[in-house]
Amino acid sequence: MKAIVYEEFQGPLTIKNVGEHTPKDHGVVVKVKATGLCRSDWHGWMGHDSDIILPHVPGHELAGTIEAVGKDVRNFSVGDRVTSPFVCGCGRCAQCNSGNHQICDHQSQPGFTHWGSFAEYVTLDFADTNLVKIPEEISYTTAATLGCRFITSFRAIVDQGQVKGGQYVVVHGCGGVGLSAIMIANALGAHVIAVDIHEETLQFAKELGASSVVNAMANTHVIEEIMHLTQGGAHVSLDALGSQVTCFNSISSLRKRGKHIQVGLMTSDHQHPKIPMDKVLSDELEIIGSHGMQAHRYPEMLEMIENGKLHPEKLIEKMISLEEATKALSSMNKFENKGILVIDSF
């Protein structure tokens with residue numbers, strides 16, 4: 001099968017013919033119909049993820065049809081249209097037994113713990129726990145946008161943030177995660193403020209539901225501006241980028257008893273950010289992490305898509321080929337795209 005492969009971190013990304021996949025007894029092989037490019041793939045290529053063993057095939061946002069099924073799989077068959085969250089649980093550990101597969105003690109992640117979906121085929125483990133059937137009304141390309149950025153934002157807004165209509169929600173960083181969060185919070189009736197450094201991206205955020213925007217490059221008083229726009233601070237604020245600045249600003253612009261949700265990955269020099277702990281204490285703030293979403297939580301999100309309350313397809317900027325992805329992946333940290341790139345040609 002054809003796949004994008006890199007043999008060293010930050011090294012060349014090339015298309016090669018690699019060996020065919022065979023499913024484990026509890027797993028499946030999926031023929032990839034579409035797969036999204038995510039900044040997490042860039043982090044992996046950079047060497048920020050310790051799970052990756054070289055040579056490696058990236059890719060973790062995917063949709064396709066089941067090509068082969070392991071003998072112990074009960075709920076899925078060859079030909080089923082499926083997708084999967086990027087964190088796959090084992091279904092047996094204490095975390096999975098509590099319903100929290102997204103932090104499974106023995107999790108697998110396509111594109112990180114094993115070869116991923118920038119290929120014609122990908123293997124997924126513990127299929128009965130991790131696969132989600134795609135409704136016929138939802139295309140493969142739309143489904144491919146869900147598996148990382150959209151589900152992470154959905155859980156951050158709905159489950160972790162418990163956002164309600166009329167609340168003020170601030171999103172710091174308007175990449176795929178941030179734009180998804182804006183759409184979801186708006187669908188719930190929240191007043192959403194988008195913060196980014198690119199004016200074109202902020203205008204796109206308005207199209208997706210942001211009622212106000214703050215250009216952090218042009219405005220030297222971001223926290224003060226947010227406090228003004230939210231009439232005293234955000235009820236819920238997301239750091240959707242993952243930097244020391246956006247994390248600090250997110251916490252600092254909360255109202256009393258507000259919630260900061262850390263969604264953007266904190267890597268390299270940003271792993272241990274400065275936090276205004278005096279404000280956390282005096283205002284009884286909550287600092288909450290959010291890492292993916294369980295497969296069993298998809299139905300509510302899929303129903304909102306089918307009912308027209310959510311439109312993840314609006315996040316897609318363009319479709320590209322596997323060949324084009326070799327160039328696009330290495331350039332992801334330049335933030336040249338305002339929307340999601342999806343590979344649909346292999």
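## A nonpolar surface patch

Ile275 sits in the loop that runs between β12 (254–262) and α10 (277–282). The model is predicted. Relative accessibility of Ile275 is 32%, so the residue counts as partly exposed. With Met277 and Ile287, Ile275 makes a nonpolar surface patch of about 250 Å².

Glu303 belongs to helix α11, which covers residues 298–306. Glu303 has 47% relative accessibility and therefore counts as partly exposed.

## Salt bridges

How many salt bridges does a search of the whole structure find? The search finds ten. Side chains of opposite charge can pair when their charged atoms come close.

One of the bridges joins Asp125 and Lys24, with the closest N and O atoms 3.5 Å apart. Asp125 is in the loop between β6 (121–124) and α3 (127–130), and Lys24 is in the loop between β2 and β3 (28–36), so the pair ties together parts that are 101 residues apart in sequence. Are the two partners buried or partly exposed? Asp125 has 12% relative accessibility and counts as buried. Lys24, at 47%, counts as partly exposed.

## Further charged pairs

Lys71 and Asp72 form another salt bridge, and here the closest N and O atoms lie 3.2 Å apart. Lys71 is exposed, because its relative accessible area is 60%. Asp72 is partly exposed, at 35%. A network of salt bridges links Asp25, Lys71 and Asp72.

Glu300 and Arg297 also meet through their side chains. Their salt bridge has an N to O distance of 3.0 Å. Glu300 is partly exposed, with a relative accessible area of 33%. Arg297 is buried, with a relative accessible area of 18%; the cut-off for buried is under 20%.

## Helix α12 and its cover

Which residues of helix α12 (residues 322–330) are buried? They are Leu322, Ala325, Thr326, Ala328 and Leu329.

## Phe9, between β1 and β2

The loop between β1 and β2 holds Phe9. Phe9 has a relative accessible area of 30%, so this residue is partly exposed.

What does Phe9 touch, leaving aside neighbours within four places in sequence? Its contacts are Gly44, Trp45, Met46, Gly47, Ile52 and Leu54. Asn186 is 177 residues away from Phe9 along the chain, and their C-alpha atoms are separated by 39 Å.

## Thr201 in helix α7

Thr201 is placed in helix α7, residues 199–207. Thr201 counts as buried because its relative accessibility is 9%. Not counting residues up to four places away in sequence, Thr201 touches Cys174, Asp196 and Lys338.

Notes
Residues numbered from 1 in each chain as written. Predicted model: local features only at pLDDT ≥ 70, side-chain atom pairs only at ≥ 80, totals over all residues. Heavy atoms only, no water. Helix = DSSP H or I, 4+ residues; strand = E, 2+ residues; numbered from the N terminus. Buried < 20%, exposed > 50% of the residue type's maximum accessible area, 1.4 Å probe, protein only. Patch = residues over 30% accessible without salt bridge, like charges linked within 9 Å, V, L, I, M, F, W, Y side chains within 5 Å. Areas by Shrake-Rupley, 256 points an atom, 1.4 Å probe, with all protein chains shown as cover. Salt bridge = Lys/Arg side-chain N within 4 Å of Asp/Glu carboxyl O. Contact = heavy atoms within 4.5 Å.
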